[in-house]
Amino acid sequence: MINKILVANRGEIAVRIIRACREMGIKTVAVYSAADREALHTQLADEAVCIGPADSAGSYLNMERILSATILTKADAIHPGFGFLSENSKFAAMCKKCNIIFIGPDAEIIEKLGNKSEARKTMINAGVPVTPGTTEPVYDAKKGLEIADNMGYPVMIKASSGGGGRGMRMAESHEEFVVNFNTAQSESVAAFGDNTMYIEKYIQSPRHVEFQILADKYGNVIHLGERDCSIQRNHQKMIEESPCIAIDEELRTKMGETAVRAAKAAHYENAGTIEFLLDSSGEFYFMEMNTRIQVEHPVTEMVTGFDLIKEQIKIAAGEKLSYTQADVVISGHAVECRINAEDPSKKFRPSPGKIERVHFPGGNGVRIESAIYQGYVIPPNYDSMICKVIVHDKTREAAIQKMISVLGELVIEGVQTNIDFQFDLISNERFCEGKINTHFIKDVYGL
C-alpha cells in the first residue's frame with residue numbers, strides 16, 4: 001500500500017502524476033525550485049517543499065535534498081516522471097537504501113539499459129534484431145574511424161548514455177567522421193559525464209516506432225501497441241500518433257512480441273518503452289529502451305483506455321498486472337502535438353516570459369496536458385515544452401482534422417510558441433497522406 005507519493009519533477013508531468021494520485025486517494029508532495037514557487041504542481045499537491053535554487057543541479061537533480069524532503073514529509077514513494085532523475089540508477093539505488101519505493105525499475109536494470117552498448121548486447125543475446133554496429137565501447141575517434149570505414153557510410157555516432165538527441169551525430173563520409181565523433185563525445189561528457197560512444201550503421205529514411213510495455217514484479221509482461229514518433233527535429237520528437245499506419249496486424253504482432261521478449265530478457269519491471277527503427281521494407285531494429293514514462297504516453301492511453309501512471313503506481317506497490325495481452329484492444333487513432341515556448345523563426349530559440357492570455361480548447365476526444373495558466377511566468381531554466389495537445393477519433397483522417405481544429409483554437413499569448421508551426425505540420429499534404437519518416441521536417445522545411 002502506498003499512501004503518499006513525492007513527485008520529483010515539475011511542469012505538466014508533475015501535474016499529471018498528482019491528478020492520478022488524487023483519483024487513487026493517494027496524498028502527494030510537490031518539490032519545487034525557487035523559480036517554481038508559483039508553479040501549478042505546487043498548488044495542486046497536498047504538500048510542497050522547496051528544494052533549492054532555480055538551476056536544476058541545485059534542485060531537481062539534487063538527490064540528497066529530494067530524499068530529505070521525502071523523509072521529512074513521510075512519503076512512501078517517489079515518482080520521478082520523465083527527465084531529471086527518472087533514469088538515474090544511483091538515485092533509484094539511494095531510494096532503495098532509504099526504504100523509499102522508486103516508481104520505476106530497479107537500479108540494476110536502469111544501469112543495464114541506460115548504457116546503450118550494454119542494452120544492445122542484452123537484445124542480441126535475446127534474439128532481438130538490432131541495428132548493425134559495434135558491440136564494444138568506442139572511446140577515441142581514431143578507433144571509431146577504422147570501424148566506420150569498415151562498416152561503410154553513412155554511420156550514426158551515439159553516446160552510450162545518451163538521450164534526447166544529445167551525443168548523437170551522423171557521419172556521411174570518412175572526411176567528416178572525426179569532427180562529428182569528437183562533437184558527439186563532447187556533448188555526451190557535458191550532458192551525461194560519460195565519454196563512452198558506439199557506432200551504428202545508418203538506416204535510410206526510417207520510421208521511429210516504439211512499443212509501450214507494462215511489466216510487474218512477477219514476470220508478467222504485456223505491450224499496449226505502438227506509437228509512431230517519426231516527426232522529429234534534431235532527434236527531438238514533435239508529433240506522435242498511435243497506431244502506426246505503416247504497420248499491418250501481422251507486423252504489429254511480430255514487433256509487439258519482440259518488444260515483450262526484449263523486456264523479459266532485461267527482467268524489466270514497471271512501465272517502459274522499446275524503441276525501434278522501421279525501414280521501408282518492413283524490417284525493424286531495436287534502438288533503445290526507455291526506463292520511464294514517456295512524454296507521449298497519452299496517445300497510448302487514448303487508444304487503449306489504460307491509465308499508465310496509475311498502472312505504474314500499482315506495479316510499484318507490488319500488485320500483479322490485472323490485464324493479459326488479450327485484454328489490450330486498440331480503438332481509433334490518437335495524435336499528440338508538443339507545444340513549446342520557442343520562436344521557430346529564430347531557430348526555435350526558447351521564449352520564456354509571462355503568459356498574458358491562454359485559452360485551451362475542449363470537446364469530445366480532446367485532451368490538454370499543461371501546467372501553465374494566465375499570469376504564470378515561464379522560467380528560462382528548464383525545457384521549453386509548456387503544453388501537450390492530444391486528440392482521439394475513429395480514424396487517422398478524423399483525428400488530424402480534429403487536431404487542425406484544436407490548434408486553430410488554442411491561444412497562448414505573452415510568449416512565442418510553435419503553435420503555428422505545428423498547425424502547418426499537421427496540415428501538410430505529405431503528413432496527411434502518411435508519407436513520413438524521421439527526416440520529414442528536414443526534407444520539407446530544411447530544418
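Two strands count as paired if DSSP finds at least two bridges between them. Keep that in mind for what follows. This is a predicted model.

First, the overall picture. The protein chain has 15 helices and 22 strands. Its radius of gyration is 21 Å, close to the 22 Å that the globule rule gives for 447 residues, so the chain is as compact as a globular protein of that length. The C-alpha trace spans about 60 × 50 × 45 Å along its principal axes. Of the 447 residues, 58% count as buried. Now contacts. Take those between residues at least 6 apart in sequence: 65% of them join residues at least 24 apart.

Surface and charge next. The chain exposes about 18300 Å², and carbon and sulfur atoms supply 48% of that. There are 49 positive and 60 negative side chains. The centres of those two sets lie 4 Å apart.

On to the sheets. Strands of a sheet pair through backbone hydrogen bonds, either parallel or antiparallel.

Now the antiparallel case, built around strand S21. S21 covers residues 385-393. Seven of its nine residues are buried, so call it mostly covered. S21 pairs with S14 in the antiparallel sense, over eight bridges. One example: Arg338 has Lys388 in S21 as its bridge partner. S21 also runs antiparallel to strand S19, residues 366-370, with five bridges joining the two. There, Val366 has Val391 in S21 as its bridge partner.

Last stop, one residue. Asn340 lies in strand S14, residues 333-340. Is Asn340 buried or exposed? Its relative accessibility is 14%. Buried means under 20%, so Asn340 counts as buried. What does Asn340 touch, leaving out residues up to four places away in sequence? Ser384, Met385 and Ile386, then Gln416, Thr417 and Asn418.

Happy to go back to any part.

Conventions: Residues numbered from 1 in each chain as written. Predicted model: local features only at pLDDT ≥ 70, side-chain atom pairs only at ≥ 80, totals over all residues. Heavy atoms only, no water. Helix = DSSP H or I, 4+ residues; strand = E, 2+ residues; numbered from the N terminus. Rg over C-alpha atoms; globule rule 2.2 N^0.38 Å. Buried < 20%, exposed > 50% of the residue type's maximum accessible area, 1.4 Å probe, protein only. Contact = heavy atoms within 4.5 Å. Areas by Shrake-Rupley, 256 points an atom, 1.4 Å probe, with all protein chains shown as cover. Lys, Arg positive; Asp, Glu negative; His and termini not counted. Charge placed at Lys NZ, Arg CZ, Asp CG, Glu CD.
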